Amino acid sequence: MIRRGLLAWISRVVVLLVLLCCAISVLYMLACTPKGNEEQLGLPRANGPTGKEGYQAALQEWEEQHRNYISSLKRQIAQLKEELQERSEQLRNAQYHASDAAGLGPEPGAPEKTQADLLAFLHAQVDKAEVHAGVKLATEYAAVPFDSFTLQKVYQLETGLTRHPEEKPVRKDKRDELVEAIESALETLNSPAENSPNQHPYTVSDFIEGIYRTEKDKGTLYELTFKGDHKHEFRRLVLFRPFGPIMKVKKEKLNMANTLINIIVPLARRVDKFRQFMQNFRETCIQQDGRIHLTVVYFGKEEMNEVKGILENTSRAANFRNFTFIQLNGEFSRGKGLDVGARFWKGSNVLLFFCDVDIHFTSEFLNTCRLNTQPGKKVFYPVLFSQYNPGIIYGHHDAVPPLEQQLVIKKETGFWRDFGFGMTCQYRSDFINIGGFDLDIKGWGGEDVHLYRKYLHSNLIVVRTPVRGLFHLWHEKRCVDELTPEQYKMCMQSKAMNEASHGQLGMLVFRHEIEAHLRKQKQKSSSKKT
């Protein structure tokens, strides 16, 4: 009896102790719970003023937010899947039609590319196409140049004997290709995701110019420039067609309002040409552009005072102070003059334009120069339009029109000087880092090709394209005996190319035969009359 009573008493005590411990634990937890920031937690305390109702309301709000977020993600995933399936189908159709046209059917049992493989392939094509970085090239002939275009004209290098350096895109595939690129760019610029609320809708009239090139094993790269919202602002879109649907690669907003160009001109004598150059400089650079510094590097002292006088007169008449005059002794060396002029600049990193005294350029070209250069990434090597001998083109000197009327891009008036690399736009930092010109080269020619090759061997992107606002004015070329055999050959080739077109030179070569034919025709007609 006693034992049973003792056991019952002990069990009650144990139960009471357990209950007491639980109560103490609960009280300890409630006392030690940190208050925190109820707004951050988003849930009310159980013993707070809202109680269970607050918990339920907060949980319902969280569930609603998560449901909306998941629905949004599902919609985006569905759109991406739909777009990817559409592009995959287009690519498969293109491959099927290509193989069908070649007489090859689809391989039986060949597994289809997965969507991940397709995306990886397209991105690999973009990476190989020099969109984000340059590719090292062995020679200057390995570079693939760009062609440029506006809404009306295409400016192309490969003309042959039938095509023109400037022409309307006659071929339907070429016309449709460029129209599609412009429309794709406008669609991107006007999409709600890309636009700010106050931005005006972009139209075809906002398109300024574009450049494009096709690499046979990769695709076609387009760089399209549109007017910006303010003066000196532009919008650029980079698009890529990897032998399939066109892809948006990059969109940039470019502000060139503060981009100064330092035009460097090496010179020795040639006062008349310099006077003509300064007339164009005053109209284009001072009156129209206003963001130019001129550096003239003069060799020797002969006629130096005349050149300085022209500079000072322009400075006074146009209130222009942004010029530097550097005088060097010794024989003329174009490479040395440009190198000295580039290194003489002491300001911040500046955009350089290496120019000659017989070059005529427009304000549109200066913007093109700015848009196609980027420090540490991109240098610009424009292909200029070289003027033929006006005395041959227009028959005799009395019929030669004013210079402004001569600057027309036609097969009969000139040619794209695609063998010349002397006119170039590049930032001073890139010029210094690449090592500048080879100063061992003396006289005419060679220094520009040497610098161009150095850029091709680097990882910088070299933009090579014909431009409509850069002209080489005709002048008589003399190839002196002091040149090396290679320089003399280059000089003579340049001299022959400068005179006239293929057809015009042929007329000069065969003029005796033509005159004899005309005499015979005249005799026949006179004999018939008698």
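Analyst: Happy to. In this predicted model, ring pairs link Phe274, Phe277, Phe281, Phe320, Phe323, Phe353, Phe361 and Phe365 into a cluster. Across the whole structure, a search finds 24 aromatic pairs.

User: What makes the pair of Phe274 and Phe277 stacked?

Analyst: Two values decide that. The ring centres of Phe274 and Phe277 are 6.3 Å apart, and a pair needs centres within 6.5 Å. Their planes are at 20°, and planes under 30 degrees apart count as stacked.

User: Why is Tyr298 called buried, and why is Phe325 called partly exposed?

Analyst: Tyr298 has a relative accessible area of 0%. Buried means under 20%, so Tyr298 is buried. Phe325 has 22% relative accessibility, which falls between the 20% limit for buried and the 50% limit for exposed, so Phe325 counts as partly exposed.

User: What makes Glu252 count as buried?

Analyst: Glu252 has 19% relative accessibility, and the limit is under 20%, so Glu252 counts as buried. Its place is in strand E7 (residues 247-255). Leaving aside residues up to four places away in sequence, Glu252 touches Phe234, Arg235 and Arg236.

User: How do you know that Arg464 lies over the face of Tyr452?

Analyst: Arg464 is at 5.8 Å from the ring centre of Tyr452, and the distance limit is 6 Å. There is also a limit on direction, within 35 degrees of the ring normal. Arg464 is listed as lying over the face of Tyr452.

User: What makes Arg241 and Glu180 a salt bridge?

Analyst: The side chains of Arg241 and Glu180 meet at 3.2 Å, N to O, and a salt bridge needs that distance to be within 4 Å, so the pair qualifies. Arg241 is in strand E6 (residues 233-241) and Glu180 in helix H5 (residues 172-189), 61 residues apart. Arg241 is buried at 16%, while Glu180 is partly exposed at 34%. The structure holds 15 salt bridges.

User: Why is Arg334 said to tie parts of the chain together with Asp356?

Analyst: The closest N and O atoms of Arg334 and Asp356 are 2.9 Å apart, and the cut-off is 4 Å, so they form a salt bridge. Arg334 lies in helix H8 (residues 334-344) and Asp356 in the loop between E11 and strand E12 (359-361), so the pair ties together parts 22 residues apart in sequence. Arg334 and Asp356 are both buried.

Definitions and conventions
Residues are numbered from 1 along each chain as its sequence is written. This is a predicted model: local features need pLDDT of at least 70, side-chain atom pairs count only at pLDDT 80 or more; totals for chains, interfaces and linings use all residues. Side-chain values use heavy atoms; hydrogens and water are left out. Rings of Phe, Tyr and Trp (its six-membered ring) pair if their centres lie within 6.5 Å; planes under 30 degrees apart count as stacked, over 60 as edge-to-face and the rest as tilted. Buried means under 20% relative accessible area, exposed over 50%, partly exposed in between (1.4 Å probe, protein chains only). Helices (H or I, at least four residues) and strands (E, at least two) are DSSP runs, numbered from the N terminus. Contact means heavy atoms within 4.5 Å.
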